[in-house]
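Student: I would like to go through this structure term by term. Please hold each word against its cut-off.

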Amino acid sequence: MSHPIAAGKSSFDLVDPERVLSELRLQPDTVLLDLACGIGNYALAAATVIGPAGTVYAFDLWPEGIDLLRQSARERGVPQVRAEVADVREPLPLPAGSCDLALMATVLHDLAAEGGGEKALREAARLLRPGGRLVVIEFEKVDSHPGPPAAIRLAHEEVEALVVPCGFRRERLVPVGDPLYLLSFVREG
Ligand SMILES: C[S@@+](CC[C@H](N)C(=O)[O-])C[C@H]1O[C@@H](n2cnc3c(N)ncnc32)[C@H](O)[C@@H]1O
């Protein structure tokens, strides 16, 4: 698949970036996994905060997006971003328990609509260390533009119902933009 659904779209310009970065609770040694990173707006912002001692693994099915992210990372001098083309519904080339934090920014609704939400969430659970966190950013389930149709947007309860059975407990719900929310979860184990 060379042009997956929603390729080229990003919610980064619709959120309050300071609010999101603060909710990520980044540390200098954080290992962050950005699942379906697109052109990597979140990955680059997080990598800048984390600094050279951490790592940001960024995966997307869209090869042009990964090329653009690699180019931006070079230009901005953030070699801690490691970007690869990959399907986040499949096993990713990282060891179990190797990540502190996983981010799914405005992609879970598409994965869920296509029946791949559980696979991606179980892979996130495999890669996170016990106590690691999963952060999901989604559009409120209302009609608004830009964004996906309300019919495929996920209400808070729908995100929880998808995520919790995959080995997580719910942590925090925070508004991060109009109409976007962030739900965080902790990897149990
Ligand atoms: C709405 S964009 C969000 C991009 C990024 N998270 C952001 O908000 O800036 C959704 C992204 O999911 C990617 N995507 C869709 N299905 C995927 C899959 N199965 N594996 C990896 N990436 C996928 C698309 O290529 C696209 O870049």
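What follows is a short exchange on the terms and the values behind them.

Tutor: This is a predicted model; local features need pLDDT of at least 70, side-chain atom pairs count only at pLDDT 80 or more, and totals for chains, interfaces and linings use all residues. Residues are numbered from 1 along each chain as its sequence is written.

Student: Why is P79 called exposed?

Tutor: P79 has 11 other C-beta atoms within 10 Å, so P79 is exposed. P79 sits in the loop between α3 and β3. P52 is 27 residues away in sequence, and the C-alpha to C-alpha distance between the two is 7.4 Å.

Student: What makes α2 a helix, and which of its residues are buried?

Tutor: Helices are DSSP runs of H or I with at least four residues, strands are runs of E with at least two, and both are numbered from the N terminus. In α2, the buried residues are Y42, A43, L44, A46, A47 and I50. They pack against α1 (17-24), β1, β2, α3 (63-76), β3 and β4. After α2 comes G51, with a positive phi near 90°.

Student: Which residues is A102 in contact with, beyond its neighbours within four places in sequence?

Tutor: Contact means C-beta atoms, placed from the backbone, within 7 Å. By that test A102 is in contact with L33, L35, A124, L127, L128 and L134.

Student: What makes β3 and β6 edge strands?

Tutor: Two strands pair if DSSP finds at least two bridges between them. The open sheet has 7 strands in the order β3-β2-β1-β4-β5-β7-β6, with mixed pairing. β3 (81-85) and β6 (168-177) each pair on one side only, and are the edge strands.

Student: How do you know that β6 and β7 pair?

Tutor: Set the count against that rule of at least two bridges. There are 7 bridges between β6 and β7 (residues 180-187), and the two run antiparallel.

Student: How is the shell around the ligand classed?

Tutor: Ala, Val, Leu, Ile, Met, Phe, Trp, Tyr, Cys and Pro count as nonpolar, Asp, Glu, Lys and Arg as charged, and the others, Gly among them, as polar. On that basis the shell has 14 nonpolar, 7 polar and 5 charged residues.

Conventions: Contact = placed C-beta atoms within 7 Å. Buried ≥ 20, exposed ≤ 12 C-beta atoms within 10 Å, placed from the backbone.
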